[in-house]
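I opened a new page for this chain and set down what I looked up, entry by entry.

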Amino acid sequence: MKPIAFPLFVAMLLAGCGERVIQPPPLAVAHAPDTAELGAGPAARALGAGPAWLACGPRVSIEEVLQRINAARAAGLRCGRHAMGPAAPLKWDPSLYSAAEGHSLDMARRNYFEHRTPEGADVASRASAVQYRWKTVGENIAAGVRSLPEAMQSWLESPGHCENIMNPQFQDVALACVAQPGTEWGTYWTMVLGRK
C-alpha cells in the first residue's frame with residue numbers, strides 16, 4: 001500500500017492584470033486502483049464532444065458529471081472553515097475539456113502528479129492554448145481515485161478543492177480522467193473550471 005499523501009489544503013491564488021488562477025495542492029488517495037476495473041488507457045478519449053465517457057472506472061456521462069457538480073453547488077457546502085453558499089450551475093465547456101484531458105494524458109504518460117508540467121506549464125497556459133478566453137481559471141487534480149463519486153468526495157472533503165467547485169465566479173467546467181497501468185498512481189484526474 002502506498003503511503004498517504006497529505007497535501008496542505010490551502011488554495012493558491014495568483015493575481016495579475018485582473019485575471020486569477022486558482023490551484024489547490026494536488027490530492028492523492030492512499031490506494032492505487034485495481035487496473036482490472038479501469039477503462040481504456042491514455043490512447044482512448046474520455047469525455048469529449050457527443051456522448052462520451054471517462055476513461056477511468058465505471059462509465060459516466062457528461063450529464064452525470066454536471067449533475068454531481070451542480071448538486072453540490074446548489075446545496076451550498078462547508079469547505080473547511082469557509083461556509084460556501086449555493087452557486088449557479090456550471091455548464092460543460094469543450095475547450096476546458098481539451099485542457100483537462102491534455103493534462104491528465106500528460107501526467108499519465110510521463111508518470112508525474114502536479115499542476116505544473118515538468119516544463120512549467122500551468123492551467124492558465126493550458127486553457128489559453130485551447131483558446132478559452134478566461135478571466136478566472138482553476139484546476140483540481142487527483143490521482144489513484146477509482147471512480148467519479150470517489151473523486152468528487154475527495155475534492156469536496158478537501159477545503160481548497162471544495163472552494164474551487166463551489167466558487168460562484170466559475171461558470172464553465174470540464175473533467176477528464178486517464179488510466180495508465182504501471183504508473184505510480186494508475187489514474188490521473190483533472191477538473192478545469194473557468195469564467196470568460
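Before reading any helix pair, I note that axes are lines fitted to C-alpha atoms, for helices over the stretch in contact, and that angles run from 0 to 180 degrees between N-to-C directions. I also keep in mind that the model is a predicted one.

**Entry 1. Helices α4 and α5**

I looked up how α4 and helix α5 (residues 159-166) are set against each other, and found that their axes come within 5 Å and cross at roughly 105°. Angles of 65 to 115 degrees count as roughly perpendicular, so α4 is roughly perpendicular to α5. I then listed the residues in contact: M152, W155, L156 and E157 on the α4 side, and P159, H161, C162 and I165 on the α5 side. Sorted by type, the residues of this contact are 6 nonpolar, 1 polar and 1 charged.

**Entry 2. Burial of α5**

I asked myself how many residues of α5 are buried. The count is 6 of 8, so α5 is largely enclosed by the rest of the structure. I wrote down the buried ones as G160, H161, C162, N164, I165 and M166.

I went on to N167, which sits in the loop between α5 and β8. N167 has a relative accessibility of 9% and therefore counts as buried, the cut-off being under 20%.

**Entry 3. Helices α1 and α4**

Next I took the pair of helix α1 (residues 62-75) and helix α4 (residues 148-157). Their axes are 11 Å apart, and the helices pack at an angle of about 25°. Angles under 35 degrees count as roughly parallel, and α1 and α4 are therefore roughly parallel to each other. The crossing of α1 past α4 is right-handed.

Which residues of α1 meet α4? I found E64, V65, R68, I69 and A72 in α1, against L148, P149, M152 and L156 in α4. The residues of this contact comprise 7 nonpolar and 2 charged, with no polar ones.

**Entry 4. V173 in β8**

I checked V173, which is part of strand β8 (residues 172-179). Is V173 buried or exposed? Its relative accessibility is 0%, so V173 counts as buried. Setting aside neighbours within four places in sequence, I listed the residues in contact with V173: L66, I69, L90, K91, W92, D93, L96, M191, V192 and L193. One of them, K91, is 82 residues away along the chain, with 6.1 Å between the two C-alpha atoms.

**Entry 5. K196 after β9**

I looked at K196, in the segment after β9 (187-195). With neighbours within four places in sequence left out, K196 is in contact with D93, Y132, R133, W134, K135, Q171 and D172. For D172 I noted a C-alpha to C-alpha distance of 8.5 Å from K196, at a separation of 24 residues in sequence.

**Entry 6. Positive phi**

I turned to backbone angles, given that most residues other than glycine have a negative phi. N111 is not a glycine, yet its phi is positive, at about 55°. I placed N111 in the loop between α2 (94-110) and α3 (123-129). With a relative accessible area of 37%, N111 is partly exposed.

Q131 also has a positive phi, near 65°, without being a glycine. I placed Q131 in the loop between α3 and β7 (136-143). Its relative accessibility is 59%, so Q131 counts as exposed, the cut-off being over 50%.

**Entry 7. The chain as a whole**

The secondary structure comes to 5 helices and 9 strands, in the order β-β-β-α-β-β-β-α-α-β-α-α-β-β from the N terminus on. The chain has 196 residues, and 53% of them count as buried. Of the contacts between residues at least 6 apart in sequence, 69% join residues at least 24 apart. I put the accessible surface down as about 8900 Å², with 57% belonging to carbon and sulfur atoms.

Conventions. Residues numbered from 1 in each chain as written. Predicted model: local features only at pLDDT ≥ 70, side-chain atom pairs only at ≥ 80, totals over all residues. Heavy atoms only, no water. Helix = DSSP H or I, 4+ residues; strand = E, 2+ residues; numbered from the N terminus. Parallel < 35°, antiparallel > 145°, perpendicular 65-115°, else oblique. Left-handed = near helix turned anticlockwise from the far one by under 90°. Contact = heavy atoms within 4.5 Å. Nonpolar A, V, L, I, M, F, W, Y, C, P; charged D, E, K, R; others polar. Buried < 20%, exposed > 50% of the residue type's maximum accessible area, 1.4 Å probe, protein only. Areas by Shrake-Rupley, 256 points an atom, 1.4 Å probe, with all protein chains shown as cover.
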